[in-house]
Amino acid sequence: MSQNKSQAGTIQNPRVTWEGCSVLLDINDGDRLVFARLSAAATLKIGNKNFSLQPLIGCPFGSSFQIENGDKGPFLSRFVASMEGNNAQEKEDFESQEISKDNRALVDNNKAQSLTGEDIDAMRRQGATGDEIVDALIANSATFEKKTLFSQEKYRLKKQKKYAPKVLLRRPVARSICEAYFKKYPARIGFLRVDTLSLLLSMANVSANSDVLVVDMVGGLLTGAVAERLGGTGYVCGTYLGVTPYPMDIVRIFNFSDEVCNRIVRSALTELSLTQTVTLEQIHQQENELNMECLSNPQMSSSVSMEEISPSEKEITVPVPENAISLVNKMGKSTKAGNKASQQAIELWKENGFSSLIIAAPELDIWSLLQDILPLLSNSAPFAIYHQYLQPLATCMHNLQLGKMAIGLQISEPWLREYQVLPSRTHPCMQMNAFGGYILSGTKICSS
């Protein structure tokens, strides 16, 4: 009964968390990213202590939490940060700051701080909050007032991350999930960057009521992004070589409803083919060849399973070292997605064809795969193929031109630059990713 109520609540207000939903926890403004499934027994490890995720249930996505002391020990408490007062104060500080002030006279000899570690432990035992400890560190610093305003803010943020960490409750959508995986485990999603993912969806014209054929060997990220854009209309059909479907564990993080999950189906390429000439022995032979290739190259395994990233079964989240991502374990099960496509739907797709095609299969030969898949598209249907390297796409584009199988062929290289936007400090970020793979796009034509 309670499960039905929770599902009904998610339909009424999907912007508020519920028990059993997946969330992305952003700790200290991106220092750590943790996927978790909310429940009464779920915990989050910050530092050397575990904190219950019970206070996060029923809060809207985008809420911020900080550590506070209670009768039963420290716990996560929701707070609302006031930005207007800080901006006004910062503007006054800029106006009153001396132009000649700099850090040349400061000497880093570890003698500026008079507050010792024993004093900080004593403050914690007395129930002092993290913000109070940060204020005490600032008050006992002999060089804080001599620093520039930028250095003071940098010092404050550094101490705040250590003694008063903040947790941001983020919604797991295609962008946030892609950014989280790309930050720590890019090989598991085929080095697929978020701007490349958005270009794939746009070039393939993924829209409402579309029937999209997907070859997803990036852990299910592509399938989830397509299903999210379809919004419960149309179908996304994941096809595969052999008899074993490709893993799509990331789809479980999206919090899809039953309606959306029912629109995510799978079907072997031999079942979708217009000519059923492949025998069962050939299917097993293809699967064995693919398994041998995956064993020979450890980076080819794109399975992003929950158990692989968080091996512990006692905690729902297992943070890995600093600047890392951890996934939930088997505490709760979301709605099953990726059921086998019905025979009626397969016959309909054979007759009318799919409306678009997206391929993200770094482990396969693109041209050999496209020769079998392209006939499944309807005429004038767009397609988009992602690959980490240029040469496989260039070969595929050349063969498509020679066979007069598609028009509007082009290879695109996505480019992304992230900016830091702060008062008097707006500039490109110092560390950026310079490579986002390549995309081959085009439109299928009727070959006579």
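**Close-up 1. Met430 lies in the loop between β17 (427-428) and β18 (438-444).** Helices (H or I, at least four residues) and strands (E, at least two) are DSSP runs, numbered from the N terminus. Is Met430 buried or exposed? With a relative accessibility of 74%, Met430 counts as exposed; the cut-offs are under 20% relative accessible area for buried and over 50% for exposed, with partly exposed in between (1.4 Å probe, protein chains only). Glu418 is twelve residues from Met430 along the chain, and the C-alpha atoms of these two residues are separated by 9.2 Å.

A word on the model before we go on. This is a predicted model, in which local features need pLDDT of at least 70 and side-chain atom pairs count only at pLDDT 80 or more, while totals for chains, interfaces and linings use all residues. Residues are numbered from 1 along each chain as its sequence is written, and side-chain values use heavy atoms, with hydrogens and water left out.

**Close-up 2. Eight strands line up in an open sheet with mixed pairing.** Strands of a sheet pair through backbone hydrogen bonds, either parallel or antiparallel. Here two strands pair if DSSP finds at least two bridges between them. To follow the sheet across, read β12-β10-β9-β8-β13-β14-β18-β15. Which strands stand at the edges? They are β12 (339-340) and β15 (406-412), each with a single partner strand, so one side of each has no neighbour in the sheet.

**Close-up 3. Strand β13 (residues 356-360) is largely enclosed by the rest of the structure, because five of its five residues are buried.** Ser356, Ile358 and Ala360 point one way from β13, Leu357 and Ile359 point the other way, and all are buried. Strand β8 (residues 211-216) runs parallel to β13, joined to it by five bridges. You can find Val212 with its bridge partner Ser356, and Asp216 with its bridge partner Ala360. Strand β14 (residues 382-387) also pairs with β13 in the parallel sense, over four bridges, and here Ile359 stands opposite Ile385.

**Close-up 4. Strand β1 (residues 22-27) is mostly covered, with six of its six residues buried.** Both of its faces are covered: Ser22, Leu24 and Asp26 lie on one side, Val23, Leu25 and Ile27 on the other, and all are buried. How many bridges join β1 to strand β2 (residues 32-37)? There are six, and the two strands run antiparallel. They form a hairpin with four residues between them, and Asn28 in the turn has a positive phi of about 55 degrees. Follow Leu24 into β2 and you meet its bridge partner, Phe35. Strand β7 (residues 166-170) pairs with β1 too, in the antiparallel sense over four bridges; there, Leu24 stands opposite Arg170.

**Close-up 5. Tyr240 and Tyr246 make one of the seven aromatic pairs found in a search of the whole structure.** Their ring centres are 6.4 Å apart and their planes stand at 75 degrees, so the pair is edge-to-face. Rings of Phe, Tyr and Trp (its six-membered ring) pair if their centres lie within 6.5 Å; planes under 30 degrees apart count as stacked, over 60 as edge-to-face and the rest as tilted. Both partners are buried: Tyr240 has a relative accessible area of 11%, and Tyr246 has one of 10%.

**Close-up 6. Tyr235 belongs to an aromatic cluster with Trp349 and Phe354.** Tyr235 also has a charge over its ring: the charged end of Arg263 sits there, 4.8 Å from the ring centre. A charge sits over a ring if NZ of Lys or CZ of Arg is within 6 Å of the ring centre and within 35 degrees of the ring normal. Another example is Arg188, whose charged end sits over the ring of Tyr185, 4.1 Å from its centre.

**Overview. The protein has 15 helices and 18 strands.** Of its 448 residues, 44% are buried.
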